[in-house]
Structures are given as structure tokens and as C-alpha cells.
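This briefing is meant for someone meeting the structure for the first time. It takes up a loop residue, then the chains, and then the metal sites.

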Amino acid sequence: MTALDTLNPMSPLAAAIAKLFAAVLVILGLIFALVAVLVVFAIVRYRERPGAQLPRQILGSDRLEIVWTAIPILLLAVIFVFTVKVMHAASPSAASRSPDLLVVGHQWWWEVNYLKSGVVTANELHLPIGQRVLIRLESADVIHDFWVPRLGRKLDAIPGHPGYLWLEADAPGVYLGACAEFCGAEHAWMRFEVVAQPPAQFAAWEQAQLAVPPVPRPAPALAGRKLFVARTCVNCHRFAGTSADRHVGPDLTHLADRRMLAGGAVANTPSTLAQWLKDPNSIKPDSHMPNFQLSDAEVAELAAYLESTK
Amino acid sequence: MLSKSKLAMVLFIVSEANFFALLLMAYAYYHALDPGGANGAGALDVVTTGLYSVCLFSSSATLWAADRRLRRQEYRGGIRWLLATIALGAIFLYGQGREYARLLRSGVTVSRNLFGTTFFTLTGFHGLHVFLGLCALATLAGLALRSGIRERQTQAVEAVGLYWHFVDAVWVVIFGVVYLGSVL
Amino acid sequence: MKGYELGETAVGAAVGGERAVWAPHESLLGWVASVDHKQIGIMYMVAAFAFFGLGGIEALLLRIQLAVPHNNFLSPETFNELFTMHGTTMIFLVAMPLLTGFTVYLVPLMIGARDMAFPRLNAMSFWLQVFGGVMLYFSFFARGAPNAGWFSYAPLSESAYSFGSGQDYWILSLLVMGIGTVAGAINVIATVATLRVRAMTMRRLPLFVWMTFVNSFLMLMALPILNAALVMLLIDRQLHAHFFTPASGGSAILWQHYFWGFGHPEVYIVILPAFGMISEIIPVFARKPIFGYEFVAASTVAIAFLSFAVWAHHMFAVGLSDVFNLFFAVASMSIAVPTGVKVFNWTATLYGGRLRFTTAMMFALAFLVMFTIGGLSGVSFAVVPIDWQLTDTYYLVAHLHYVFFGGTVLASFAGIYYWFPKLTGRMLSESLGKWHFWLSFIGLNLTFFVQHVLGMMGMPRRVFTYPDLPYWGALNMLSTVGAFVLLAAVVVFAWNLGVSLKHGEEAGDNPWDAWTLEWATSSPPPVDNFTRVPPVRGRRPLWDLAHPELADELQGRAA
Ligand code: HEA
Ligand code: HEA
Ligand code: CUA
Ligand SMILES: [Cu+2]
């Protein structure tokens, strides 16, 4: 059953929903079983037999009507009470607190800003386990939806209408997330990962992310750094320690530390990175990153530069 | 029991009312968000439009008069009132055209801002309905002038009459919300 | 002694409708120029079936792409066009016209009228529908089909993000069809209100007529909402207005309110006539009157009202306030009550009956059980926190196909097996029918049941491909196999239609021993529908004639 993410929660927020979901599934399953059994029984019992009389012409029964109106109402009332309860447990009010993270949906990647420490990353979000963080959710273009099935509810990221969402993880692990609102061509590859870590490891990660990478030594990486500016990468990306500070594309400062590339379309390895730089469309057709017709040498240099921050 | 053509007209009007309600809600919603808005409702000329509106409102009365006469088979009087109705409706449209021209000259357009977007859509669709109503009335008047109104056509007059009163009523609401709302 | 004299009508005295001006020709021109409700009804159904083929082929392409992870069969853009066209086609060009076809064919016959109240308007509605459909598909040859999904959320559907003309074709085609639908609804209401044969009181109306009558009010109220929203979107796109463009202050959420204000009533628009057909078919093959007629009829009205108060259950993930969400949760759950009343009354009709398992009846019984699955998963969405998890996943895709395929489509299949003899004078083959039934039943469950599980595993909808997670590939493959079983079912069905039309058994006037008025005339009916309308003394005129000793009126309740 481990694959049933929505019924296999890893946070109190998601657990509340999972429990309710399981209970409701049982209730609905029983109702279904009732209807199915009634119908199947009738099929078996009342099939036409040769020579049978015309059946009695029954027009209805007010008593039965009351029964099958009242019982569903009662059942639904019970379900409703739990609905209210679980709503509060799964999505507590956020009014009392200023957000810890700002997450912005872009076509087709996620920008993640740690508001307290200033860390900026993309498509990968680190969390200290056992702590509830509050996310402010925005969109830079169309509607997206932030969803990590094992950690809790989903919430739309709507341009012009910021939303607030709690996130929490009980145990260390990597939890897969996805954009759940259709947002155009590459909606399928707008995935992300939540890496839950013990607080100490998380703090270390945060420190590492804040480090400004030194100007690289080896020749190809250094050449790559020049290309990075010359080839207008700076117009769209952020790279700490350089002039690049735009958010049209993902922050690339610590790209090498990230587990995947291009919203989950491929794992982040030197060869996939090179392929991406050579022709982003070969990995993610229609992505908003242009193909710069780079030569193999240029690709190698750029890749070396981007890998040098590991 | 309503005749089937009158019933159909009533149902059609219900659907139209729904349509306008949505346009109006969009206007009211954005107006509430940003009442001032550059060149917003303040740009409207309440008095002049108010005067033109009086023409539209009185056209309901003239149409009613026409209807009564036609029903009593006083065709000449009926047609005269019908023509008066058409004239009043046309004057209203002329007034709306002038208001539009003035607004466009001062830079208020559909694409300028939300006020322009919602205002022109709402009033534009109303104007379109007035225009269609005028066409229908003109057709009736033309038929009547050529060959007199017959039994079957009085039903048509009644149905078109319902529609015209509806278009009028819609303007009462729009004028109230958009124009009076801008000065209150 | 109630109403004996009233129902007696003399030869040729069916009321209402204009007399056909010319005898309907079997020539192509005869069909195209027809204002006869029977021909128009059949044309609606044929058009719907053709589009069902297109929508089904689109679905098969989607399923092939999804059969295995990381598939490259379709480009993402094509995939998005295909699911947008699939959803739009199935709802607006299949479900609606198919049910409208049944409605305009059957309603005048069932109430003993000659034609619709406005036969020419009826023809106009149909041709607007065709025109809209052709326009939508023309977009493939213009600059690409629409690709923003069947509900075209703004701002994705705005010119900044959908620059091709596909979106404009989508808007215009839905507008054209929307106008035709409103006209059609007016026509049905006027027909039922003014053209019933004498003594056919509202309490004697066949339930199919009841439900299409209520449904017409639903259309009348809901379609203008869509039309208004479409007009605004079109003005945004063409005149650079700002209704739904957040970049210039417009609201993306307003579009959602407007769309679902229409969209939710819409899903009932495509199920109520199906309920109506089931309410006719089950009693006939159980040889009993419907159980609780008044409750089945009244629950329709309740559903119609409620359906305007639940739209925001499609927006639980938007992040609106708790109170707001709870209101819509209560309303959505309440819809389960009148729907349950129907389900239980249909089931109760079976009890004590003498069930004949014709293909029509088998489809109707399958509907009963399959629709219940879809309805129950709908209720789980009404539980807000569950929706927060499962909205926009394959669990939703499963829900909507259980109500659409398990509901609307199965009921329509039942309806076609039941009324085909009336439409054509020939019976459909029962042995091919059984094949059609079992393939549909198995295919439906294979395709869509596993999608519940995929949704629970976290598979979002509208993804052209997916990572190779445990079980995802296997379940998707099963679903694709199921879709091909459905293809086989549809092929058998088409074969059956073709063969039976030519060589089917002669049907006679009333092959099922049914009791509503359409069976009192020849098959197919003459231009004027009836030479003589039998007396209407209760809800089952032909039953009363055949079994005077068991006539409904004698039981005191069905007067
Ligand atoms: C024919 C079409 C049809 C029908 C009839 C229904 C019926 C219902 N639907 Fe469904 N729905 C759709 C078509 C339909 N739906 C579509 C197309 C979408 C998705 C649109 C999209 O996003 O693309 C959707 C989406 C949808 C959502 C939004 C999900 C989301 O986007 O997150 C919700 C939420 O509440 C919902 C609820 C319901 C409910 C409560 C019913 C109820 O009416 C069901 C009532 C029936 C029963 C419950 C079964 C019988 C009853 C009993 C046996 C009695 C006992 C029962 C109880 C006590 C529970 N539906
Ligand atoms: C009435 C409504 C209806 C019906 C009947 C169907 C029928 C089917 N649907 Fe569809 N579906 C929707 C309404 C419907 N659907 C909607 C509204 C959506 C949402 C769209 C969106 O997200 O915007 C959707 C989305 C949808 C998806 C999700 C896409 C995604 O989110 O990425 C999938 C995937 O499996 C799917 C599959 C199918 C399949 C396999 C069938 C099968 O049942 C089809 C079976 C039919 C055939 C196989 C036809 C066979 C054809 C022939 C025999 C050709 C010859 C005949 C002639 C030419 C006459 N549908
Ligand atoms: Cu972003 Cu889907
Ligand atoms: Cu709904």
C-alpha cells in the first residue's frame, strides 16, 4: 500500500485528511454495496419465469420514501461534522503568522524563497522535520497548484490572489510534489521535491545555500562563467556573486546540489545538464528556456561552471 | 394561460436577464474594488445621459399606448404611437453614441482599464439590444403601413412589446447602478 | 370517475404543432430542409454519434500516450489539444445533442402533440449545433485547436498565454451552440406547457417529459451564464479588455465563478434526461409502474434548484474562506439526497416485478449501479479536505467518467435499444446487443476504475506523461487496455445499428408492450404523429387499455 500516497500521510496535516478519506471511503463503499446487493438480488429473484402472472402494480410507499430520505441526511450530517473538524486540522488559519517561505509558480518551474534566511532555490524545497512552516503562494503568470500528496492539502497559486499553506513533515525523506492545475504545455513537468531533514542537517543545508560561490579556478569553468554573462543567461537567471539576478528562470547558484532538472523531467547529472544546455526542447519541449545553438565546447564550459559550485 | 409566442418571449427574456445580470455583476465587482479608477465612473455625464434615458423610459409608455390602440383595432393611432416609440429609441441610441464618442476622445476605452472594460461591455450589449428592438419595431411598423395589422400580428406586437419593456427595464438598472452609482 | 371523457380525442385530433407543410422526404434535401421534430431528433442523434466517434478517437490517442511512462507518442501540445477537444466534444457535441435528440423526438410523441411548439426554431437550434461543431473542429485546420482544457481557466486562456486562434474558435463555437440550446429549451418548455393532449395533466406526464421539462429550465438559466462569460473572454482576447487578466487588475477567480456557475448545472443538464430515460425503461421491463412517481419527479426539481448552489465545489483548492467552502460543501452533499431518492425508487420498482432482461434493461440496470459509483465519488469531493487532496487528479477523471459514461452514455445506450424500433420500425439485434453490453460494462470498469487508484497515488490529471513511479505504468496500461475494449464495444454497436437498420426484425407499433403514447402510433410514426390518440386516464394510457382491470386510476393514486 505504500504507493497510495494520499492514504499514506507523513504529516499531521495530511494524516487528518487521510483518516477522514479512509472513513468516508468505507461509508460510501457500504452504501454502494447496499445498492449493488439490492439490485443484484432483484435481478436474481424477480427475473421473468415462464407462465408467471402479471406482477402487483405497486405505486409507491410514503414510509419508504421517508426512510431513504432521512437516512442519507443523517449520514451526510455526520460526514459534515467531520468535514468541519478536519478542515481546521488540515488547513489551520494562517492569519496569526508571517510566512516563512515565498513560493512562486512559473510556467513551468517553482521559485522558492526562504524569507527569513534569504536562500533562493528552485523546484526543491528543504524542510526541518517536525516544524510547521507557512508558505505564501503566488504565481508569476497563470494558475498553478502546489501539491505534495504525502504532506497535505493542495492549494492553487493564482496570479493576483496570494494564498497561504502550511507544510510539515514528520520524518526525513524526499517527498514528491507536483503542479496540480493545468498550466500549459509543460504542466506535466512542473514537479518538485520536498526534502525533509533533521533540523541540524537543514541548518547546514541553509548555510551551504547562502554561500556565495568563489570565482572558479579551472579553465573550462572560468570560460563558462564568461559565457554565462555573454550569452544573456543573466537576463533570466540568478547566480549569486554575479550580476545575474533575475527570476524569469530558476536560480542557478547551487544548481549542482539539486536532484533533478527542469521540473523533474530528468535527473540532474552532468550529461543531462549538457543536453539541457544544448537543446532544452529535447528534454522539455516548449519550455521557456531558449535554445542558444551552443557549440559542444561552449556547452562543456557552461556545464563545468554550473557544476563547479557543488 | 399565456399564448405560446408570449410564453416563449417571457422565457427568452428570463435568459436575457441572466445574461445581463452577469455583465452587471462584473461591473459592480470591479467598481467595488476600485471605485475611483483613472477616468472611472467619474467620467460619466449623468445629466445628459439622464435626459436621453428619459426618452427611452417614455418609449415604454408610447409603446403601451400603441399596443392598446392596436388591440382596439385603431390602426392609424397605433401606428403613430409605434413610430413615436421608434423615434424615442433612436434618440436614446444617438445619445449613447455621443456619450461613447466623448469618452473615447478623453481616452476611456475598452482596453484602458477595468472601468472601460466593464462599462463598454455592459452598456454596449444594452445598446445592441435597443438596436435589435428598434429593428423589430421597425419591421412591425413597416408591415403595418403596408397592409395593416392582422390578428396574428397583434401577437407579434405584444411579444416585441414585452421585449422592449424588458430592454427598458434593464436600462433602469444599468442607469441606477452605473450612472447614479457614480454620483452617490 | 376521473377524466374518462377528457382523454377521448377524435381521429386526427392530436393537438398543437404546425401541420407539416410537406411530407418528409427521405432524400438528403428532405432531411436538411426538414422541420419535422422526428427527423430533427434523429439528425441530432446521428450528429452526436459521429462526434462520439471523434471524441472517442481523441480519447484513444490520449490513452495510447499514457499507456507507458515517458512516452513520446504525442507532443505535449497535441496532447493538450486532444484532451481539450475530447472534453469539449463529449460534453457539448455528444452528451447534449444526443439527449436533445431524444428530447425533441420523444416529447411531442409522449404528450400526444404533432410537433414542437416552434418547428422552425427547432430546426434552427439543430443547425446552430452543427455549425458550432464544425467551427470547433475547423480550428484544427486554422492555427491549432484550443488547448486550455474544457473549462479554459483564465489567464491561461487569455491572449497572453494562448495566442493561437484555437481559443477563439472554442469561444465562438460554444457561443453559437449556447444560443441554439437556449432556443431549444424555450421550445421544449413551450411545447410541454401548451401542446399536451387533453387530460394529460402534469401529474400524468411521463417522467421522461418531466425531466426534460425541468432540464429545459436548467438550460434556460445556465447557458446565458456561459454565454456572458464567453463574451467577456472574447472581448478580452480580441479587444484587449481586462475582465480576467490579473496583470491589469482583472480577476482569474471571477472566470471560475462564472464558468462553474454554468458548469455545474451543465453536468446535471447532461444527466437529467438520462434519468428520464431510465425512469421509462425500468418500469416497462419490470412490468410495474415506477415506484414513487411523485418523488422521482419532485426530486428532479430539487436537483435543479440545488445545482445552482454548488458551483464553488469546483473551487475548493482556490483558497477561499472556510465558511464559503462549507456552504458549498453542504449544498453539494444535499444533492445526494434527491439523487438517492431516485436511485432507491428505481431499485424499488424492480421489487415484485417480472424482469425481462432485454439489452435495454441490462444497460439500464448497469446504469443504476455504475452511476451510483460516480455519484458516491462525487460526494467524497464534497468533503472539502478530501477534495484538497484529490482535486485535479485521476480520481476526478474517474468520477466524471463514471457519471458521464456510467450515467449518460449507458442510459443513452439503453434508450437507443428501447426506442430504435420506434425510430426505424426495426429491432436492434439482441445478440449483438449483449456483446455490446458486456464489452461496454467490462471496458468501462477496466478503463475508469483503476483511475480512482491512480488518483490516490497522486497522479495529476492533464499530464501528457509521468515519471515511472511504482504501479503507475501498470495501472495506466490497464486503463488503456480498457479503452480499447470500449472501442470494440462501440464498433459492435455501430455494426448492430448498420445491420439492423437494413435487416432487423420488423418491430410493429409496440414491441415492448410499453405504455406511453409514442407506442400508440406506427413505427416509425407518420408525419402528423398520430391518427388517433388513445384516451389518457392515467400515467400509462396503453397499459390501461390492455389491462383495464389493473388500470392505474383504480389504485387511486395515479389520477
Ligand atoms: C453527469 C455529470 C455529473 C454528475 C451527475 C455529478 C454528480 C455529482 N458531483 Fe460531479 N463532476 C462532474 C460531473 C458530474 N457530477 C464533472 C464533469 C466534474 C469535473 C469537471 C472538471 O473538473 O473537469 C465533476 C466534479 C465534481 C466536483 C469537483 C471536484 C474538483 O474539481 O475538485 C465535486 C465536488 O463536490 C462533485 C460533486 C458531485 C456530487 C456531490 C454529485 C452528486 O450529484 C451525486 C449524487 C449521487 C449519489 C450520491 C449516488 C446515489 C445516492 C445514494 C445511493 C443515496 C445515498 C448516498 C449518500 C448518503 C452519500 N463533482
Ligand atoms: C460524456 C463525456 C465523456 C465521455 C463519454 C468520455 C469517454 C472517454 N474518455 Fe473522457 N473526458 C471527458 C468526458 C468524457 N469522456 C471530460 C469532460 C474530460 C476532461 C477534459 C479536460 O480535462 O479538459 C475527459 C478526460 C479524459 C481523460 C483525462 C485526460 C487528462 O486529464 O489528461 C481520459 C484519459 O484516460 C479520458 C478517457 C476517455 C475514454 C477512454 C473514453 C471512452 O469511453 C471513449 C470510448 C469511445 C470510443 C472508443 C469511440 C470509438 C470510435 C469509433 C468506433 C470510431 C468510429 C465511429 C464513428 C466515426 C461514428 N477522458
Ligand atoms: Cu503549473 Cu501545472
Ligand atoms: Cu459540480
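A:Ser93 counts as exposed because its relative accessibility is 58%, which is over the 50% cut-off for that class. In this predicted model, A:Ser93 sits in the loop of chain A that runs between helix H2 (62–90) and strand E1 (101–106). The C-alpha atom of A:Ser93 is separated by 22 Å from that of A:Ile143, a residue 50 places away along the chain.

**Chain A as a whole**

- The secondary structure of chain A consists of 7 helices and 12 strands, and its C-alpha atoms fill a box of roughly 95 × 50 × 35 Å when taken along the principal axes.
- The radius of gyration of chain A is 27 Å, whereas a compact globule of 310 residues would have a value near 19 Å.
- Of the 310 residues in chain A, 53% count as buried, and the chain exposes about 13,200 Å², of which carbon and sulfur atoms supply 63%.
- When contacts in chain A with a separation of 6 or more are considered, residues 24 or more positions apart account for 61% of them.
- Chain A carries 26 positive and 26 negative side chains, and the centres of these two sets are 7 Å apart.

- Chain B has 5 helices and 0 strands, and reading along its sequence gives the pattern α-α-α-α-α.
- The C-alpha trace of chain B spans about 55 × 30 × 25 Å along its principal axes, and 49% of its 184 residues count as buried.
- In chain B, 80% of the contacts between residues at least 6 apart in sequence join residues that are at least 24 apart.
- The 15 positive and 9 negative charges of chain B have mean positions that lie 9 Å apart.
- There are 2 pairs of chains that touch, and the pair with the most contacts is formed by chains A and C.
- Chain A and chain B, by contrast, are joined by no contact, and their closest C-alpha atoms lie 13 Å apart.

**Chain C as a whole**

- Chain C contains 17 helices and 0 strands. Its radius of gyration is 23 Å, close to the 24 Å that the globule rule gives for 559 residues, so chain C is as compact as a globular protein of that length.
- Along the principal axes, the C-alpha trace of chain C spans about 70 × 50 × 50 Å.
- Buried residues account for 70% of the 559 residues in chain C, and its accessible surface comes to about 16,700 Å², 72% of which belongs to carbon and sulfur atoms.
- Of the contacts in chain C between residues at least 6 apart in sequence, 82% join residues at least 24 apart.
- Chain C has 28 positive and 30 negative side chains, with the centres of the two sets 7 Å apart.

**A buried isoleucine in chain C**

- C:Ile303 belongs to helix H10, which covers residues 293–306 of chain C, and it is buried because its relative accessible area is 0%, under the 20% cut-off.
- Leaving aside residues up to four places away in sequence, C:Ile303 touches C:Tyr268, C:Leu272, C:Phe275, C:Ile335, C:Pro338, C:Thr339 and C:Lys342.
- C:Tyr268 is 35 residues from C:Ile303 in sequence, and the two are 8.1 Å apart in space from C-alpha to C-alpha.

**Iron and copper in chain C**

- The iron atom of ligand 1 has C:His399 as its only protein donor, through NE2 at 2.2 Å, and C:His399 lies in helix H14 (residues 394–424) of chain C.
- C:His313 is buried, with a relative accessible area of 17%, whereas C:His314, at 27% relative accessibility, counts as partly exposed. The two fall into separate classes because buried means under 20% and exposed means over 50%, with partly exposed in between.
- The distance between the copper ion (ligand 4) and the iron atom of ligand 1 is 4.6 Å.

Conventions
Residues numbered from 1 in each chain as written. Chains lettered and ligands numbered in written order. Heavy atoms only, no water. Helix = DSSP H or I, 4+ residues; strand = E, 2+ residues; numbered from the N terminus. Rg over C-alpha atoms; globule rule 2.2 N^0.38 Å. Buried < 20%, exposed > 50% of the residue type's maximum accessible area, 1.4 Å probe, protein only. Contact = heavy atoms within 4.5 Å. Areas by Shrake-Rupley, 256 points an atom, 1.4 Å probe, with all protein chains shown as cover. Lys, Arg positive; Asp, Glu negative; His and termini not counted. Charge placed at Lys NZ, Arg CZ, Asp CG, Glu CD. Donors = N, O, S within 2.8 Å, 3.2 Å for Na, K, Ca; no water.
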